[in-house]
There are 2 protein chains.
Amino acid sequence: MSAIDRAALDELVGGRQRRLQARDDIIREGDRPEDMNLLLTGWACRYKTLEDGRRQITSFFLPGDICDLNVFYLRMMDHSIGALTGITYAEVPRATYERVSGRHPRILQALTWDTLVAMAVQREWTVNIGQRSAYERIGHLFCELFYRLRAVGLTDGDSCDLPFTQIDLADATGLTPVHVNRTLQELRANGLIRLDRRTLTLPDLAALKRDALFDPTYLHLDREGAHLDANDA
Amino acid sequence: MSAIDRAALDELVGGRQRRLQARDDIIREGDRPEDMNLLLTGWACRYKTLEDGRRQITSFFLPGDICDLNVFYLRMMDHSIGALTGITYAEVPRATYERVSGRHPRILQALTWDTLVAMAVQREWTVNIGQRSAYERIGHLFCELFYRLRAVGLTDGDSCDLPFTQIDLADATGLTPVHVNRTLQELRANGLIRLDRRTLTLPDLAALKRDALFDPTYLHLDREGAHLDANDA
DNA sequence: CGAGCGATTGATCATAATCAAGCGATGTGG
DNA sequence: CCACATCGCTTGATTATGATCAATCGCTCG
């Protein structure tokens, strides 16, 4: 990344920064989106709630992720974005976004890239929930999170942070918390995961990948485009 | 849509057009994407297959839909796109796309819009499969398809075409064909649908929406952006 | 006419949901 | 500093939704 690109990135992120506690929402279903949000630290998620209270988490946001690129083209949020941990994020106004992306094609390219990968991940979630068993589903999600965290340097050997509850995990996988708990025990018993105090360890990633039918192609980590990573800023 | 926009659209669609039979693939997982594909007539779908044969349809494409905007930014297809009926589609080379979108901001805006809505639909599918019962799930999908078809003028009163098999429906909803069949009977028995010879009728859309917890907000049909519809071309 | 496909039905099974209760750690107010 | 409330996790018992296995039927097409 060149000095010019870095400056452009600073310009993007350098405006208003905000801080939220776990469980607070960045933006809620029904709101009119005003800004693009870039997660700097902590974990967040996108979710939708049905009238009767059922809740589905549709994406996780890790540090460096863009929560909603271009969402200001839409009149109304059709989902909410909430903090899973304490977070800090940059609020990028539309004008700033347009100025920076207009002047810096590589930044625009990186944002486009990010959008395409986000779509690929969303598709894989559809496959995950639609076709995989509870055991595979949770294993697959763990593989995905581990790969994504590793790509931004947030793993430590075969371990990484996993700062959300089993209820969150249930809402993300379309399972009940009780069943998530039992499935986690099964994964543990098979030596595929260790999970202790918000730290996830994958002692045998190859075996987990096999059992969960995980193929990282969809993450497109072999990126040819420029890489935009808010952690670089 | 102005004459200039229309001319731009003609330029986009006016290149190579192709024709495929049902069950042929436009492009397959593992291929390198070369072009953007615009579906002109017929139905297609995006799908992924697991090693053991399980298959998940992740989106349906209706006439006028863009199958894969910008996909040429990615090195390799992580999914396939297949024809569900006989189809015709326009193959737009990267160069054409870049020339036209560079010169015609409204076209670019319309394509961006399309991408954002496609993402919203993909999220809703995640919710649908993750949280809704088989009955709600199929009902919800029918509502979605009906709304989308109506938006491009492809409905006839409370009826529309539904040119795919129960197996396709099963692969799209994450259910087995047997269970789809039984659920369809239940929907029929409750007077919410009629389904005969590839024609779907929704005699009581309001009731179906209620039972399926369908809220069309996510389709963003109240579009403020320009509307790109290949059928206009 | 026979093959193949899609839809349908029946019987049985399994995965995951539901209901309910208890445990341990953390945190707070009296 | 203790009492108790809360939260996240865990366990047990039971139920239900949807999967699986298997067979039949009608239709179209070569």
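## Surface near DNA strand D

The residues of the surface near DNA strand D, in this predicted model, comprise four nonpolar, eight polar and four charged ones. Here nonpolar covers Ala, Val, Leu, Ile, Met, Phe, Trp, Tyr, Cys and Pro, charged covers Asp, Glu, Lys and Arg, and polar covers the others, Gly among them. A residue is near a strand if one of its heavy atoms lies within 4 Å of it. Of the atoms of DNA strand D that come within 4 Å of the protein, 64% belong to sugar and phosphate.

## Phosphate contacts and helices

Polar contacts (pairs of N or O atoms within 3.5 Å) reach phosphate oxygens of DNA strand D from both chains. Polar side-chain atoms are 2.7 Å away in Gln166(A), 2.7 Å away in Gln185(A) and 2.9 Å away in Thr176(B).

The elements that give two or more residues to this surface are helix H6 (177–189) of chain A and helix H6 (177–189) of chain B; helices are DSSP runs of H or I with at least four residues, numbered from the N terminus. H6(A) gives the largest share, five residues.

## Relation of the two chains

Chain B is superposed on chain A by a rotation of 180° with 0.0 Å of shift along the axis, at an RMSD of 0.0 Å.

## Conventions

Residues are numbered from 1 along each chain as its sequence is written, and chains are lettered from A and ligands numbered from 1 in the order in which they are written. Local features need pLDDT of at least 70, side-chain atom pairs count only at pLDDT 80 or more, totals for chains, interfaces and linings use all residues, and side-chain values use heavy atoms, with hydrogens and water left out.

Conventions:
Polar contact = N/O pair within 3.5 Å; in protein donor to acceptor, adjacent residues only side chain to side chain. Least-squares fit on C-alpha atoms with pLDDT ≥ 70 in both.
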